[in-house]
Amino acid sequence: MKRHIISCFLSALAVTSCVLPFAPIAHAAEKKNVLIVGDSVSTVLRWSPESMRPLWGKAYNSTLEVWGCQKLLTEGCNPSKNPSALASVLKHKNDNIDIVVVMTGYNDTGDEYLRQAIRKINKAVKEMGAELMWLTYRQNGNVRIKARGFNKVVRQEAKRLNMSIFDWDAKSRTKSAWFNGASTHMNALGGKALGRGIRAALDLHYASVATTTTIATTTTVLDTTTTVAP
């Protein structure tokens with residue numbers, strides 16, 4: 001009796017397709033729980049509810065921890081109402097959060113301080129079993145120079161920690177109509193753009209995760225040689 005060997009090979013240069021009905025498929029449509037942590041710049045998501053419309057529905061459940069004067073690691077100007085970004089994350093450690101989106105730092109100073117804050121928040125997020133996404137800082141007004149240094153740190157730490165970035169600075173750079181004068185604070189129009197931008201960044205993040213998972217799964221399956229008797 002002859003045996004037929006069926007093999008599929010995956011290389012970096014070419015892919016030979018095989019029909020594998022038993023291969024698991026990434027659940028890209030699974031609803032994700034999103035925690036958005038931010039200072040006064042992102043409070044537009046609270047006072048302009050239309051901003052949050054893209055972040056509700058079939059894809060995401062979103063929770064807001066956006067407070068004026070919020071700082072990354074220390075209490076804000078009103079300790080009873082302005083917990084730090086880290087404290088806001090830890091508050092939800094048992095809430096089955098899938099991803100934490102951070103837009104805090106406009107009230108903080110020091111590139112190395114930001115670096116350590118990102119690492120501490122990242123550690124807390126990972127211990128929750130969640131992922132971290134960080135927004136870059138708008139380089140405008142009286143925070144232009146600080147934001148430039150902060151954005152460099154964010155990109156460096158993203159590579160080190162495998163953290164996702166939503167480049168809000170690039171997205172908003174030429175959109176003065178979204179802001180109140182030479183400011184980082186948005187009007188309602190800017191709030192809608194922010195909400196849509198975060199949604200797009202989340203969609204891109206999870207599309208990338210799904211693609212990576214599918215490739216890894218397919219590579220594992222295709223590397224297996226199956227022997228079939230006629």
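Which handedness does the β-α-β unit made by β4, helix α3 and β5 have? In this predicted model, strand β4, helix α3 (residues 111–127) and strand β5 make a right-handed β-α-β unit. The two strands of the unit run parallel and are joined by four bridges, and within this pairing Val101 has Met133 in β5 as its bridge partner. Strand β2 (residues 32–38) also runs parallel to β4, to which five bridges join it, with Val34 standing opposite Ile99.

Strand β4 (residues 99–103) is mostly covered, five of its five residues being buried. In a regular strand the side chains alternate between the two faces of the sheet. Both faces of β4 are covered, with Ile99, Val101 and Met103 buried on one side and Val100 and Val102 buried on the other.

Turning to the aromatic side chains, the structure holds six aromatic pairs. In one of them, the rings of Tyr137 and Phe150 have their centres 5.3 Å apart and their planes at 65°, an angle over the 60 degrees required, so the pair is edge-to-face. Tyr137 counts as buried at 2% relative accessibility, and Phe150 counts as buried at 1%.

Elsewhere, Phe166, Trp168, Trp178 and Phe179 form one aromatic cluster. Arg138 lies over the face of Phe179, at 3.7 Å from the ring centre, and Arg46 lies over the face of Trp67, at 4.6 Å from the ring centre.

Conventions:
Residues numbered from 1 in each chain as written. Predicted model: local features only at pLDDT ≥ 70, side-chain atom pairs only at ≥ 80, totals over all residues. Heavy atoms only, no water. Phe/Tyr/Trp six-rings, centres within 6.5 Å; stacked < 30°, edge-to-face > 60°. Buried < 20%, exposed > 50% of the residue type's maximum accessible area, 1.4 Å probe, protein only. Lys NZ or Arg CZ within 6 Å of the ring centre and 35° of its normal. Pairing = 2+ DSSP bridges. Right-handed = clockwise from strand over helix to strand, strands pointing away.
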